[in-house]
Amino acid sequence: MKLRWYILSVLAAIFFALPAEAARLLFWDFDRDRNSLSFTTDSSVRPTVRLIANPTRLVIDLPGTGISRSASQRVGGAIASVRVGQPDNRTTRLVVELAPGYFLDPQQVKIAGTPSQWTIQLPSPQRSRPTFEPLLRGVPEWFQITKNGFFIRLRDRDRPEEIKVDRSDNGRQINIELKGARVRSEDSSKTFTVDRYGVEEVRFNQLGNNARITLTLDRNSPRWEVSDSRGGISIVPEQGSEILRDPPSEPSSQASEIVIPVPLPTQPTVPDRTNFPQPNGRALVVLDPGHGGKDPGAIGIGGLRETDVVLPISLEIAQILRDRGINVVMTRSDDRFISLQERAYMANRTRADIFTSIHANAVGGYRPEVNGMETYYYSRGYRLAQIVHQAILETVPIARNRGIKQARFYVLRNTSMPSILVEVGFVTGQIDSRNLANPAYRSQMAQAIALGILRYLQQYP
Ligand SMILES: [Zn+2]
């Protein structure tokens, strides 16, 4: 008895020591093509989002959330990287860092989510307009210090025909040669003290038809990249090179942090079937659960088979549609093999109004981080794909929206009515496989697809 109490009190102590970390971050993903960051936690979380300057980065804090490990992903282009870590043991932090010289319009950052699944959609990062600091004493005003490095202001007619950059062998000098540009005579052959960002001095020379700018660097200087940009030439740290900042002289007047409001999460709702649309007329829908019989389709985590995922979903869609007076023909309603030719032939022969194929996805290798659903069409199915996809987004807490895509799948190319193929998720995905193995989730997916089909039939009777 005593021992049992002891165990209980130890458990209680552990339990009460942990409530600061009630949720765990299960999954995150930065979609480079869409510029969007999405993440999933195992219970509800309310993120806070800030845009912070120097370097420009979006910081998303998940209070009361833990992670299994820190990670980072190099992105490339305007977004340098995405990192995940824990600034303290109660908070998980995601940081989307922009490449030097880029900024984000905080007004255009769109945040939406359900209590445990959030997506942060970023606008395309813009090249920063350099914000000029007060001029350095004595240095010509056309050589300016920016928040990201240096900027040489040129009038359009002074633009060089070519920019050549040379580095001295010891790396302590950079010569920037501007072909066809002129140095003002009063600045020529003069050296000015800079003492910023690891640049000690700048010197201007006129060499025949070319202007030469020489930067003398100290040991802490980053590696510089020189490029032609709007209104002049920008000198910014090379990708991956950190600018050295001297905090005391950093201008403090500008807001260095902007809080971006996070809307309330929307609750994914199980659609109320009694409110499903009731299309007029007697449409015929051919439903096509992929694979079957000797072909189980993709095999995923825990041996989850595609055929076992898509059949129950398809059967439930059929039931919902039939309840609404829709004629449904299924290419298979049990675990049997049907060729692709037979499937397309069935849709064409019965003169179906629409054809919907249900599949689950897989990726090769061990990549549990790949999750999400997508809807395919080939030609006439685009509107149907849009409406069904939208119905899924509204009602199912999917791990990731992989979008509506065009593809030359056999059953889409060889059917003569609007036809789509829904990939409901990845049987190989960590989150999707768990969802797809869950009958309640499959039922939600079935209801969403049925809702989409009914909406379509109502709009396009
Ligand atoms: Zn398949």
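Biologist: Which residue forms a salt bridge with Asp-334?
Modeller: In this predicted model, the partner of Asp-334 is Arg-336, with 2.7 Å between the closest N and O atoms.

Biologist: Are these two buried, partly exposed or exposed?
Modeller: Asp-334 counts as partly exposed, at 32% relative accessibility. Arg-336 is likewise partly exposed, with a relative accessible area of 46%.

Biologist: Where do Arg-400 and Asp-29 lie?
Modeller: Arg-400 is in the loop between α4 (382-395) and β27 (401-406), while Asp-29 belongs to strand β1 (residues 23-31), so this pair ties together parts that are 371 residues apart in sequence. Both residues are buried.

Biologist: What about Arg-83; which residue is its salt-bridge partner?
Modeller: Arg-83 pairs with Glu-97, and their closest N and O atoms are 2.9 Å apart. Arg-83 sits in strand β7 (residues 79-88) and Glu-97 in strand β8 (residues 91-98), so the parts tied together here are 14 residues apart in sequence.

Biologist: Is Glu-97 buried or exposed?
Modeller: Glu-97 is buried, because its relative accessible area of 15% falls under the 20% limit. Arg-83, at 32%, is partly exposed.

Biologist: Changing topic to helix α3: which of its residues are buried?
Modeller: In α3 (residues 340-349), the buried residues are Arg-343, Ala-344, Met-346 and Ala-347. Viewed down the helix axis, they fall within an arc of 155°, so they line one face of α3.

Biologist: Why do residues three or four places apart in an α-helix point the same way?
Modeller: An α-helix has 3.6 residues a turn, so residues at that spacing point the same way.

Biologist: Which residues are exposed on the other side of α3?
Modeller: Tyr-345 and Arg-349 are exposed there.

Biologist: Which residue just after α3 takes a positive phi?
Modeller: That is Arg-351, with a phi of about 50°.

How values were computed:
Residues are numbered from 1 along each chain as its sequence is written. This is a predicted model: local features need pLDDT of at least 70, side-chain atom pairs count only at pLDDT 80 or more; totals for chains, interfaces and linings use all residues. Side-chain values use heavy atoms; hydrogens and water are left out. Buried means under 20% relative accessible area, exposed over 50%, partly exposed in between (1.4 Å probe, protein chains only). Helices (H or I, at least four residues) and strands (E, at least two) are DSSP runs, numbered from the N terminus. The arc is that of the directions from the helix axis to the C-beta atoms. A salt bridge is a side-chain nitrogen of Lys or Arg within 4 Å of a carboxyl oxygen of Asp or Glu.
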